[in-house]
Amino acid sequence: MERSLNFDNKKPLLYLVATPIGNLEEMSPRALSVLKEVDLIACEDTRMTAKLLSFFNISKPLVSLREHNEVSEAKNVVEKILKGSKVAYVSDAGYPCISDPGAKLVQIALENDINVSTISGPSAFINALVASGLNSDHFYFHGFLSAKQSERKAELEELSNLKTTIIFYESPHRIKKTLEDMLCVLGNRKMTLARELTKKHEEYIRSDIKSISELDENTLIGEMVLVVEGKKNDDVKIDESQIKNEVDELVKKGLSSKDAIKLISEKYKLNKNLVYKIYLN
Ligand code: SAM
């Protein structure tokens, strides 16, 4: 073990700078002074960062360090720091390394005896959690679920026994499907959907998974965070095969599939479209 202070200038230092998640007034004076002071800014997307810097009249050389080139570019950046350059890393929004690139850069910097310091700022999941109305004493941040339904359901299955609040990032394109999968795997729990945080159209929808899954998709737009209550002892999971069997049974008894789906959706207090999808699968 070796101990070293970040600000005694004995070792080179890499700054990770958090940036606004939609409201430029949240750029902190400290973040600005660090970005003005460094020789080079490594960033996720040079166009995004150039816009941010130009708003604050800062002009600095930029280098792109993103998912597809993270390791090779991290090595170049670390070499520059070792030769004496002062470097900061920023992602497109919020904290680097939080569902964003940066973790490999941090790892390679630490392996090369470079200290790392974070300049605080906003992160979407913290804003969403603290105003969600759900338990914020203990929480688990999951970030994005897989885009593939089978993998997404498997991930949810793994999370289904957590008693802590669970936080997800999600895109508006997938929100409906994700909510339906959550309803099936986690059961109907309290949840808050927080969207467009810090922006003009910021909205918190505090309800439960089922009710939010039934909202008009066209109103669930923009960037969003899902904050879901942890497992309660009385959570009732939806057993898809049981639902399908029960609809099948009713159809065999002579009911139309429409009526059978209606009955079963009423019995389990589920959305008819969801029961229909389960029935078709
Ligand atoms: N690094 C960022 C952070 O610290 O929050 C997260 C970056 S991740 C690529 C982008 C996702 O974060 C979005 O898809 C959304 O789920 C969430 N997000 C970012 N900004 C947001 C905002 N203003 N309101 C709600 N969610 C936001």
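**Exercise 1.** Classify the exposure of I126, place I126 in the secondary structure, and identify the surface patch to which I126 contributes.

*Solution.* I126 has a relative accessible area of 35% and is therefore partly exposed, a class that lies between buried (under 20%) and exposed (over 50%), with a 1.4 Å probe and protein chains only. The model is a predicted one, in which local features need pLDDT of at least 70 and side-chain atom pairs count only at pLDDT 80 or more, while totals for chains, interfaces and linings use all residues. Residues are numbered from 1 along each chain as its sequence is written, and side-chain values use heavy atoms, with hydrogens and water left out. The next step is the location: I126 belongs to helix α5, residues 124-130, where helices are DSSP runs of H or I with at least four residues. Finally, I126, V130 and F139 make a nonpolar surface patch of about 260 Å².

**Exercise 2.** Describe the chain as a whole by its extent and its buried share.

*Solution.* Taken along the principal axes, the C-alpha atoms fill a box of roughly 80 × 40 × 35 Å. Of the 281 residues of the chain, 46% count as buried.

Note on methods:
Patches are made of residues with over 30% relative accessible area and no salt bridge: like charges are joined within 9 Å, nonpolar side chains (Val, Leu, Ile, Met, Phe, Trp, Tyr) within 5 Å. Accessible areas come from the Shrake-Rupley method with a 1.4 Å probe; for residues, only the protein chains shown count as cover. A salt bridge is a side-chain nitrogen of Lys or Arg within 4 Å of a carboxyl oxygen of Asp or Glu. Helices (H or I, at least four residues) and strands (E, at least two) are DSSP runs, numbered from the N terminus.
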